Amino acid sequence: MLCACSGEQFRFDDQPGSPESLATRDFSASGLSSSRTRGGGGSDWDSKLEESQVDEAESTLKEALSLNYEEARALLGRLEYQRGNFDAALQVFKGIDVKILTPRIIKSILHTTTTPPSSKPPPRSRASPPPPPPTSMSMHSVSLLLEAILLKARSLDQLGSSKEAAEECKLILDMVESALPSGMPRVGTSGGFDKLQEVFHKALELLPLLWTKAGDFRETVASYRRALSRPWNLDPQRLAVTQKSLALVLLYGSVVEASPKESMEEAIVLLMLLVKKMVVGGIRWDAELMDHLAYALSVVGEFEVLASYLEKILPGVYTRGERWYLLSLCYSAAGIDETAINLLKLALGPSESKQIPQTSWLLFGAKLCSEDPKHSRDGISFAQKLLDLANNQSEHLLSQAHRFLGVCYGNAARSSKLDSERVLLQKKSLYSLNNAAAMAKGDPEPDVVYNLSVENAFQRNLQAALDGAVEYSSMVGGVSTRGWKHLAAVLSAERRLKDAESILDFTMEEAGDIEKLDLLKLKAVLQMAQEQPKQALKTCSNVLAVIRGQDKSEQSETMLKKYETEAWQDLASVYGKLGSWSDAETCLEKARSICFYSPRGWNETGLCLEAKSLHEEALISFFMSLSIDPDHVPSIVSVADVMMKSGGDTLATAKSFLMNALRLDPRSHDAWMKLGHVAKMQGLSQQAAEFYQAAYELELSAPVQSFN
């Protein structure tokens, strides 16, 4: 644009090449006549610009290319910007009066986009298309001036004036939006219009970045939304970058919106759209998108939705094991531990035997299985593999592996049906937990101390359990509700019921509402053990009051229903102790309306019926309980008790039921007591005495509520 061929003058409007190509030609004096260059045809044009004043260079450009004042300054400013002379470029650009040019630019863009494309040109006609109105400019001129504003904004940014730069850049968007309120039309392949569109797209991308540098995140968000609010003909990749940038600002930019929840939802929707485009190949793969989406969905607790997106990712992005591990994390966070464990078993199963198992997968699997007694055997497998793999790993990792292994051994022992196996597993449990504590070198983790205390309590090593419970509570600063609850249970096993209740009262002041439900339940049982049924009734009523005061979200509704069912069942037990069987039945009906398939509920119903001498009806209720849970020990003992009262041939059947109960729970003093009654009725006095002795000793060390 800065030279004339063979000394001939030509107008900018008639130049056939694009502004970009014209602007990048060599700015030399070889193509300018001596009259145009004011002498010195062989002199270096670059030297002339550096030595001359802006006005002289501008005058030369205007004469050489028949440009107007603003266009000449736009070209000269571009040259200074390309050289890195941002201050000089800014001084040149300041000479362009944008306010005066704005109406003409808007009118020119509007004229170009509203003029219908010409149909077939008339044959043998060399006439030029009709010129634009006198007040309009060509698209080349418009593009040149808009580019000047864009370069002015960039110069200001380079000089540290980001806010002023953003205001300048915003002028481009204001002008184009005024002319094209419905977005950028597709008007063919006009070089001038293509250049205008490119300058506009650069301005769309630059504006939010400038506001970010200026520290105005509200304007940043508004600029990104402005870029996405209309169809500006952005290519898919460019559009994706803009959508991603807006999502990240909403997620991490600390934008104080009127509704933070809506901002988070907007970010999630944008990321979901981008991931879908990425999956179908509409845009390039960007691993960060899944990371950001995972973070956003985790914040709002939508872990199952996150799992569904992980399942949509095409094979090859993650290995099968990695995908299963990530899915297990999602389902575990959503509270679906069964599915999470099954996925981890797939990730570490025979199909992946050629892959080296990851310690994080094994550790997570052992942790989940340690929390679910049904999967204790799987947990043992995970933990043992972890120990084999982690020989040279940190002591912390080894300690955790031993801890989970010890917990899983303990859970497996309590579900074992063979006495010899049970004893072996109990020994292994204590051995592993003691190893976990020893690896801490005198400073064991609180969780290790807690698990060791619980296992000692189960094995009726009450002094060791008490010491561990006290140590754990002191280690966590007395803020752990589960620690105080465990300590109260251990004290109840030592028949220190009043001390246990005092600890619960102390803990109640600091506990949250959900934690308070567990403490109140235990307190009611303690009061019943102290023959205080009226206080127990009041405590059970407090449990129901706390439940009714809770906001029942989807996550907590299931848990609250469980607590409410148990509260009505506790009330029924208290009324049963008082001999008020009609009230007990009312409470049980209420519990059944919440949870029909409750083994304890049907067992309590059977006890009420038995108290009324309705033995057959009671037996039906007990068997209903066993149909729900065949291993429900209290119901097995209740069936045996009814059969004992029939006497005769049913004694053998009753004894069989009691032996089964003891196989499931060898520490059930009720089962031992009933077995003593059976032996006595059969005339086996010596055997009966041994059974009674066992029942007495077990009852002395039995907690009022299971250590589970």
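Guide:
**Packing around V275**

Beyond its neighbours within four places in sequence, V275 is in contact (heavy atoms within 4.5 Å) with L289, M290, L293, Y309 and I313. The model is predicted: local features need pLDDT of at least 70, side-chain atom pairs count only at pLDDT 80 or more, and totals for chains, interfaces and linings use all residues. Residues are numbered from 1 along each chain as its sequence is written, and side-chain values use heavy atoms, with hydrogens and water left out.

V275 and L293 have the most contacts inside the largest nonpolar core, which has 61 residues. Such a core is a set of buried Ala, Val, Leu, Ile, Met, Phe, Trp, Tyr and Cys residues joined through side-chain atoms within 4.5 Å. Buried means under 20% relative accessible area, exposed over 50%, and partly exposed in between (1.4 Å probe, protein chains only). A second, separate core has 50 residues. Among them are L462, A493, L497 and A524.

Now L537. This residue sits in helix α26, residues 533–548. Helices here are DSSP runs of H or I, at least four residues, numbered from the N terminus. L537 is buried, because its relative accessibility is 16%. Leaving out residues up to four places away in sequence, L537 touches L571, V574, Y575 and L578. D570 is 33 residues from L537 in sequence, and their C-alpha atoms are 8.7 Å apart.

R78 has a relative accessible area of 3%, so it counts as buried.

Terms used: Helix = DSSP H or I, 4+ residues; strand = E, 2+ residues; numbered from the N terminus.
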